[in-house]
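Me: I have a new model open and want a quick tour. Can you walk me through it?

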Amino acid sequence: MTNRGLTMNEFGGYTGKQYEATGFFYTKQIDGKWLLIDPKGNPYFIVGIAHVEDSCLKHEENIHIYKERYGSREKWISDCVVKSLKEWGFNTLAWTKQWVAQGMRHSPEWTPEEYKNSGICYIPHIDFLNIERWNQQHIYWDVFSPEFEEWCDYQARYWCTSLADDPYNIGYAYTARPDWDIDKFSEAMGIKPKEGEEDEFLRKIIERYYKVTHDAIRRYDKNHLIFGDLIEGCDCLPEGPAAPPQAVFTEMKKYVDILSINWYHPFDVMHDTVDEWQGCAHKPVFLSDSAFAAPNDLLTTDEPLFDGGWEKLRVQDEIARGHAYIDMIKKAANTGYIIGWGWCGFMQNKVRKYGLKDRFDRPYEVTKIMAEFNANLYENLGMNK
Amino acid sequence: MSGISPYGGDTSRKFEATGFFRLEKADSSWWMVDPDGYAFITIGLNHTDETNLKYEHNIDIWREKYGSRENWIKGLTKEMKEWGFNTIGWTSDYISGDWGQALDWFGDPINLGHSMPWTVSDYKKADMPYVIQLRVAEIEDWNGYPHFPDVHSEEFEAYCEYLGRSICQDYADDKNLIGYYLVDIPAWLPHASGRDFNVLQGLDERTRNIKVYDVAYKYYETVTKYIRKYDPNHLILGDRYNGNKGIPKSVLTAMKPFVDVLSVQYFPDNSEEGYQQMKDDLSEWQQLCDKPVILADIGNFCCTKMNPNRVSPLNGQAERAQDYIHSIDKVLDQPWFLGWHWCAHVENKARGWGVKDPYDQPYDEFINPVKDFNHKVYTKLK
């Protein structure tokens, strides 16, 4: 039995508690706990989906499904994506870019119009700085240059002027898993830091980056939250990424509302470090992009998942996947500072290989478990108490 | 005066109608033919980007006049047709960075940021002929941080397949689409940043010019294979070559089996000698590859109140109009000439010029003579 509709408003917030309604999402600390409040003043926990893209349904073997069921991008968004998300109890498009081809090529983010017309809450991602660790076409700007300010102003004009008044817009996120490579910034700026001054050199770059991006957004949108970068989780295995520079947490404070963390691990593995980072940034935390994967026709048991210890995300089957989802989301909510989670991803494709639907548009069994849990999300997370 | 077809073609010159834009060579002259079978000169407007009207200094104008992207598109197409433009050219605009006093493609690297392209849904709302671009590789001469792909790699093949599958499939049945451009001013000659295709790095000029053929051949072969796989209906307009920098003969030879049109960006000097030079260059390149030609990006500028740094020999908007007319007139009657796409729409703070001022008003002294010229094109070709 579900009670969705009885205790959730049109955004997906919990109607059992009421705070000030500002018409937009905002965060609030109550009794030491961070809450995300929706435009109606109700508490809101993000159960989002990351990586939502249609080319996975346009191969020779499945294009007939796209054409017969949807036939256009608009119909695919409404009848495939949003309809499914709502059926499964997910309330947010957490990020739409998807890994689509070898070499870690990613699709473009949805457009502002697509987000705005989707009828579901969303977190658009702005490409201020393409320094994702996976991005082989990365660009390290001189963040002190006028051209970087102009570039950020363009990005803000493109995104924020269209979305500044939309209550379904939760807020803006930036770069996924940024690689703060001091040598590449140094090359772009044409300046080499003196020996012993590297940390300060990088701190100034990070501070400048967060200031310019923040100011650009605020020039055109004073209403919405800033999620900032999806900070890359550090790994416990030697081949995984190291912790981000400490300056990321200290310098974002003035310019970012939420600490977004992109960490592909079960919660127990990351918990202590996330605690530490949250304590440093003093922000509510959004787990922006992770998932558990079960074997399927493309992701066989002998298939390596990814580098960097992501094998911990592998579970034995779809049932276990559903239980892993519940275990993680409960533990996250129980921290008192995590305000949501973006699940990776929507539909299986040939490079990522897993999703909540297979590439023939059939939902995996995990979605039944998720739907049942999400229907009573706030009760299941103890947010009704 | 010629009658005009719904697409903007010349109803007095009829060929077979196939339902899509195509090419026809008749009596040694190349023609573009519209879906209804009428001769069509593509008269395009480039860089139609909504964010140029969303600065702090003009967003109120956007809100009052348009208020939505759909209304802005409708307003744009109405005006374009009034001015005799029949094609939405490449929509991305130059929105950040600068090129100093004089643009030197072989000098210090520049980095000019470009805006996001239009979507399928945008073009449906526009409901008039258009072109789109596939950014096959990030190797533009204006890109300060280019990435040169390994065109022989599985990654490149997979990316081209993705572009075909995700983009061309959506456009395959659209009658308004003329065809696909590839990269804007790709660095087939050495890039100012010093970066290059791996296999070409460190080669002397002569050897590089020979070896670049292999890279270009594989590049064109791969991307056009996937365009054709997902869309057999539309023209492949090819790279938008940087005519002012030059085009290697080997690249024109390499593209010949795969591309339908020679597309060239060319900003001629604002003089009779400049127009003649442009005509001579286009003619030479056209003969090398035996393709008809679109001037994919041609424009001019003068200093304005907002952009006093855009200095040129042209003194004011009226002189810009005359330059437009004389430069196009120089090539209009050439048997290989298919049309031109003019740069740019609304004057912004980065590019610094357009057919409209920063407050969405057309520069009347420019647009009125241009409008007359555009509307008389088919008559002039009689």
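Reply: Here are some notes on the rings and strands. This is a predicted model, where local features need pLDDT of at least 70, side-chain atom pairs count only at pLDDT 80 or more, and totals for chains, interfaces and linings use all residues. Residues are numbered from 1 along each chain as its sequence is written, chains are lettered from A and ligands numbered from 1 in the order in which they are written, and side-chain values use heavy atoms, with hydrogens and water left out.

Me: How many aromatic pairs are there over all chains?

Reply: The count is 61. Rings of Phe, Tyr and Trp (its six-membered ring) pair if their centres lie within 6.5 Å; planes under 30 degrees apart are stacked, over 60 edge-to-face, and the rest tilted.

Me: How are A:Phe90 and A:Tyr325 arranged?

Reply: They form a tilted pair, 6.0 Å centre to centre, with 55° between the planes. A:Phe90 is in the loop between α2 (73-87) and β5 (92-95) of chain A, and A:Tyr325 is in helix α9 (residues 318-333) of chain A, so the pair ties together parts 235 residues apart in sequence. Helices (H or I, at least four residues) and strands (E, at least two) are DSSP runs, numbered from the N terminus.

Me: Are A:Phe90 and A:Tyr325 buried or exposed?

Reply: Both are buried. Buried means under 20% relative accessible area, exposed over 50%, and partly exposed in between (1.4 Å probe, protein chains only).

Me: What charged end sits over the ring of B:Trp118?

Reply: That of B:Arg69, 5.6 Å from the ring centre. B:Lys175 lies over the face of B:Phe20, at 5.9 Å from the ring centre. The rule wants NZ of Lys or CZ of Arg within 6 Å of the ring centre and within 35 degrees of the ring normal.

Me: On to strands. What is the strand order in the open sheet of chain A?

Reply: The eight strands run β8-β5-β4-β13-β12-β11-β10-β9, with parallel pairing. Two strands pair if DSSP finds at least two bridges between them. β8 (121-122) and β9 (171-176) of chain A are at the edges, each with a single partner strand, so one side of each has no neighbour in the sheet.

Me: How many residues of strand β12 of chain A are buried?

Reply: Six of the six residues of β12 (residues 285-290) are buried, so the strand is largely enclosed by the rest of the structure.

Me: What does β12(A) pair with over four bridges?

Reply: Strand β13 (residues 338-344) of chain A, in the parallel sense. There, A:Leu287 has A:Trp341 as its bridge partner in β13(A).
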